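Colleague: Please discuss the model below with me, one question at a time.

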Amino acid sequence: MLLPVAACNSGGATSGGGQASPSTGTSAGNAMVNFAKCARDHGVNVPDPDPNSSNQSLVPPSGVQAPQWTAVLQACQQFLPNGGAPQAPDPRELDGLRAYAVCMREHGIEVSDPDPNTGQSTIGGRLANATRTQIENDPGYQAASQACQDKLVTDGGHK
């Protein structure tokens, strides 16, 4: 199970999908709004991104199967920063992602250190085969994520 840590503020995880962490700014925000509209036009109900957050995620909504999500990503990729390819986190973000992973492990959730090229971590242990919904609803994961939230770098590289 991959954990797109940029989406951890909402407790999200994927089973192999990517994530985009666009740089902060209006153009990236508009691109994600356009992506959400395109996804809805293709039958997947994706909410508009939070305008107060620089964290953007390409985690499929609960109940959306991989083939349908892959089709949406292909149809709407022109709206994604970097064409939807995961972007390497900057050094401060990577440090925050590592600290978050360490903190999660200290709180009983097995999470690998983030990949320096994508920022993604892998969930192991008892949640390794869990769905995104199961992870989001797991009390232990929720408590750990809440306790570790301050480790993540937000707001364009500022904690």
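Colleague: At the start of helix 3, a side-chain oxygen of which residue reaches to the backbone nitrogen of Arg-92?

Modeller: This is a predicted model, in which local features need pLDDT of at least 70 and side-chain atom pairs count only at pLDDT 80 or more, whereas totals for chains, interfaces and linings use all residues. Residues are numbered from 1 along each chain as its sequence is written, and side-chain values use heavy atoms, with hydrogens and water left out. Helices (H or I, at least four residues) and strands (E, at least two) are DSSP runs numbered from the N terminus; a polar contact is a pair of N or O atoms within 3.5 Å, within protein one able to donate a hydrogen and the other to accept it, and residues adjacent in sequence count only if both atoms are side-chain atoms. At the start of helix 3, the oxygen that comes to within 2.9 Å of the backbone nitrogen of Arg-92 belongs to Asp-90.

Colleague: What is the distance between the end C-alpha atoms of helix 3?

Modeller: The expected span of a helix is 1.5 Å times one less than its number of residues. Helix 3 (residues 91–106) has 16 residues and should therefore span 22 Å. The distance between its end C-alpha atoms agrees with this, at 23 Å.

Colleague: Cys-103 is joined by a disulfide to which residue?

Modeller: A disulfide is a pair of cysteine sulfur atoms within 2.5 Å, and the count comes to 2. This one has an S to S distance of 2.1 Å and is left-handed, with -85° about the S-S bond. It links Cys-103 in helix 3 to a residue of helix 5, 45 residues apart. The partner of Cys-103 is Cys-148.

Colleague: How many residues apart in sequence are the parts tied together by Cys-38 and Cys-76?

Modeller: The disulfide of Cys-38 and Cys-76 has an S to S distance of 2.0 Å, and both cysteines are buried. Cys-38 lies in helix 1 and Cys-76 in helix 2, so the parts that the pair ties together are apart in sequence by 38 residues.

Colleague: What is the angle between the planes of Phe-35 and Trp-69?

Modeller: Rings of Phe, Tyr and Trp (its six-membered ring) pair if their centres lie within 6.5 Å; planes under 30 degrees apart count as stacked, over 60 as edge-to-face and the rest as tilted. Phe-35 and Trp-69 are 6.2 Å centre to centre and form an edge-to-face pair. Both residues are buried. The angle between their planes is 85°.

Colleague: What arc do the buried residues of helix 2 cover around the axis?

Modeller: In helix 2, Trp-69, Val-72 and Cys-76 are buried. The arc, taken from the directions from the helix axis to the C-beta atoms, puts them on the same side of helix 2, because it is only 60°.

Methods. Buried < 20%, exposed > 50% of the residue type's maximum accessible area, 1.4 Å probe, protein only.
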